[in-house]
Amino acid sequence: MAASAETITIPDQSNNSDWTVVLPRRGKQRKNLPKLRNQEEQRAWSPTDQASDTVRESKLLQKMQICIEKVQSSQFYQTLVDDLGTMPALEFLNRVLASEPNMGMVIYGIGSIENYENPRLQLSLAILMKRKFGWIGSLEVFDPILSATECRVMESFGCSVLSENEQGRRCAQKPTLFFMPHCEVNLYNNLLQENWTVELLNHVVLFGNSFETYEEFVSEFKGSQLVDSAKYVLATRKFTSEIKIKTLSDDYFGAFHSSSWQFFSPVSPTELQFTEF
């Protein structure tokens, strides 16, 4: 999520069968293309750099504090908070919560908060939402590139860093908010596949890339390999309510452009059957 991407297709040098279509990160006039990568198995994970570095931690803590304060005082954040307190977002959230007092937040693919501002902005928003809304419970986070320093700083802000790379395959047995801005499409696809029942999908709230944009891309480029790699993403469109995030300022465009809230509301197993795209 951190780096800007200008190319359309690049090979993955670690595996000749992998390939990636990259979402542009710069320029509002560019077409938002989805990012793809082949599925990998879940596996145990820990940072490769285990050494404690108090100087790095102190500097990163300061960066995060500054970023949190920046987001909290922004019109972008105030607008997002206001939108969540009005219809239809409030109705959707109450439906997902049902009788539960809160929902956990799972953050996938946050990127390096030490090296890039956009991941710091994204994590700052998640932390502020946790502080603001009583309906958000635990806050779990994962990205395979996280350093030990970044993990410790995240933990100081109340995050639990996962010790397993779930590849997005978290089963939402209870209401869960998945916070995934600018993640690769295969993570969204894995998440939806893992929860492909009426009951489980009704437990999921997703903050991430616009599924409408994926659908438009497929319509424009017939035969795209996106169809196979985003099978579940595309299949949700018939029972998904999408609320777009207003970035309002160039300060937040890089971190949140083309982002949306996705609420899923299938009512019958027949809606989960696949059609051709």
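**The protein as a whole**

The protein has eleven helices and eleven strands, and of its 277 residues 55% are buried. Among the contacts with a separation of 6 or more, 72% are accounted for by residues 24 or more positions apart. The mean pLDDT of the protein is 85, and 82% of the residues reach 70 or more. Residues 2-39, however, have a pLDDT below 50, although in the model this stretch has 80 contacts beyond near neighbours in sequence. Where pLDDT is low, the predicted coordinates should not be read in detail.

**Helices α1 and α4**

Helix α1, made of residues 54-72, and helix α4, made of residues 117-132, have axes that come within 9 Å and cross at roughly 65 degrees. Angles of 65 to 115 degrees count as roughly perpendicular, and α1 and α4 are therefore roughly perpendicular to each other. The crossing in which α1 passes α4 is right-handed. On the α1 side the contact is made by K63, M64, C67, I68, K70, V71 and Q72, while the α4 side contributes residues including E117, R120, L121, L123 and S124.

Helix α5 spans residues 148-156, and its buried residues are A148, T149, E150, C151, V153 and M154. E155 is also found in α5, but this residue is partly exposed, with a relative accessible area of 45%. Between the C-alpha atoms of E155 and L139 the distance in space is 9.7 Å, while in sequence the two are 16 residues apart. After α5 comes G158, whose phi is positive, near 90 degrees.

Helix α6, residues 185-194, is mostly covered, with eight of its ten residues buried. These buried residues are V185, N186, L187, Y188, N189, N190, L191 and L192.

The side chain of T240 reaches the backbone oxygen of T236 at 2.5 Å. Apart from neighbours within four places in sequence, T240 is in contact with Q262, F263 and F264.

S268 lies in the segment after β11, the strand of residues 259-264. Its relative accessibility is 22%, so S268 counts as partly exposed. The side chains of S268 and T270 are joined by a polar contact of 2.9 Å. S268 is also 9.6 Å from E199, C-alpha to C-alpha, although 69 residues separate the two in sequence.

| Residue | Relative accessible area | Class |
|---|---|---|
| S268 | 22% | partly exposed |
| E155 | 45% | partly exposed |

Technical notes: Residues are numbered from 1 along each chain as its sequence is written. Side-chain values use heavy atoms; hydrogens and water are left out. Helices (H or I, at least four residues) and strands (E, at least two) are DSSP runs, numbered from the N terminus. Buried means under 20% relative accessible area, exposed over 50%, partly exposed in between (1.4 Å probe, protein chains only). A polar contact is a pair of N or O atoms within 3.5 Å; within protein, one must be able to donate a hydrogen and the other to accept it, and residues adjacent in sequence count only if both atoms are side-chain atoms. pLDDT is the predictor's confidence in each residue, from 0 to 100. Contact means heavy atoms within 4.5 Å. Axes are lines fitted to C-alpha atoms, for helices over the stretch in contact, and angles run from 0 to 180 degrees between N-to-C directions. Angles under 35 degrees count as roughly parallel, over 145 as roughly antiparallel, 65 to 115 as roughly perpendicular and the rest as oblique. A crossing is left-handed if the near helix is turned anticlockwise from the far one by less than a right angle, and right-handed if clockwise.
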